[in-house]
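Work through the exercises below on aromatic rings in a predicted model. Each task is followed by its solution.

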Amino acid sequence: MVKEYDDILDIDERIFEFEKKNNIVFSQNQKKAIKMALTQGVSLITGGPGTGKTTIIKCIIEIFEQEGKKVFLCAPTGRAAKRMQAACQKEAKTIHRLLEMTVTDSQVFFQKGPNNPLRCDVIIVDEMSMVDSYIMYYLLSATKDTTGLVLVGDKDQLPSVGAGNILKDLIRSDVVPYVKLTEVYRQSEDSFIVLNAHRINNGEFPHLQKNSDFYFIQKNSQEEILKTIVELVTKKLPNYLSADPLTDIQVLCPSKKGIVGMYNINKVLQQYLNPKDGSKKEVVYKENTFRVGDKVMQIKNNYSLEFTIIEGEEKGKVSTGIFNGDIGVIKDIDRAGGAMEIVFDDDKLVFYDFSLLDDLELSYAMTVHKSQGSEFRCIVMPVVETYPILMTRNLLYTAVTRAKELVVLVGKKSALEYMIANQKEAMRYSALYDFLKRKLKDTQLQAL
DNA sequence: TATACCCT
């Protein structure tokens, strides 16, 4: 991919038109990112939440399409693709689907590849932080030399669970042109969430101040932490924020196991927020009890699951697709019929067959990994000594930046300090960085 | 030791 677009004229003019039409003003840095994407064969845009990545993608798409260029949109997860599609009003797929991933008895392969490449002029990949070397390799194998690549993501979020550290290695190697977006437009300038997200990234302890939007409540035992979290979610925060404990407040856990792990917090919060009650229907499935009123999460992409829109302009419309990470509330349970009614995303009514229950979990609490890419009014997180691999700066940063209005950390100061200091996640034994540095001066990404 | 993504 060495093509450079020298054929798009008047980029400044086009950007200005986009600004006018959408009633926005880009910063110099944002314009630089757009121009880069429009003129370079491969480019990379990185920035935290609220730095304008999505708006920039929309502008890039619009200008490319005005030029008659064919643009494909993709992301590493189903939810990220769905969000991208909604934001851009243009079809977006998982990278896997774009490459036409096929599974036949334990064999996995991609229909798209060097002999059957993606036929388009530009591919835009969002949420690059979650892309691992495996899928990146196949994406590049299916990308023609004449197809441009625009890679977008937040380098400070959790790295892919799979092998590699693609986004950071690409930035570090300095082989691919990139723009770092730093200014945050979403929150007000005096937000402690933004300030402290930066401080955490710099290895500094958060600034704490009364009546701000960032709290750290010191508790030393796990039992105390659990008790505090229950009080916060059931009473204090709903009052303080006039918030709905189900939709506005999200507990995020570094790990699943333990007293303050996801499983246990879910169980305890269910008892307080939606207790057993003779009048409420429920179904016991394996370790979980699902009850009418419970907050739940779909944990596997289901492209064929049908839903009816029950709110807003599209009311009555029937469509399909509930994705890994989608959150819903159980409205009714029909045990004789073997199905329940769940409303996902506040507006999608699904008749959910019991045979799908392996793909459903309680969601009063979720792991920080699962929360990646989502945002909530308020997040609450236990901070304790847990598995060292989870006690990292990125994990803390990712959790904190999920909050739009309020962050409450509950736990041990020493554990919080440890996380802020711990950059170990960067320890990936990837040869990509060295490889890029040494060999790829001209062929660049082809051998990735 | 532990987080967890993709498809039919």
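**Exercise 1.** Classify Phe110 by relative accessibility: buried or exposed?

Solution. Buried means under 20% relative accessible area, exposed over 50%, partly exposed in between (1.4 Å probe, protein chains only). Phe110 has 10% relative accessibility, so Phe110 is buried. Tyr134 has 42%, so Tyr134 is partly exposed.

**Exercise 2.** Which geometry do the rings of Tyr303 and Phe323 adopt?

Solution. Rings of Phe, Tyr and Trp (its six-membered ring) pair if their centres lie within 6.5 Å; planes under 30 degrees apart are stacked, over 60 edge-to-face, the rest tilted. Here the centres are 5.1 Å apart and the planes meet at 90°, so the pair is edge-to-face. Tyr303 is partly exposed at 29%. Phe323 is buried at 11%.

**Exercise 3.** Which residues form one aromatic cluster with Phe110?

Solution. The cluster consists of Phe110, Tyr134, Tyr137 and Tyr138.

**Exercise 4.** Which rings have the charged end of Lys348 and Lys413 over them?

Solution. Apply the criterion: NZ of Lys or CZ of Arg within 6 Å of the ring centre and within 35 degrees of the ring normal. Lys348 sits over Phe307, 5.7 Å from the ring centre. Lys413 lies over the face of Phe205, at 5.4 Å.

**Conventions.** Residues are numbered from 1 along each chain as its sequence is written, and chains are lettered from A and ligands numbered from 1 in the order in which they are written.

Conventions. Predicted model: local features only at pLDDT ≥ 70, side-chain atom pairs only at ≥ 80, totals over all residues. Heavy atoms only, no water.
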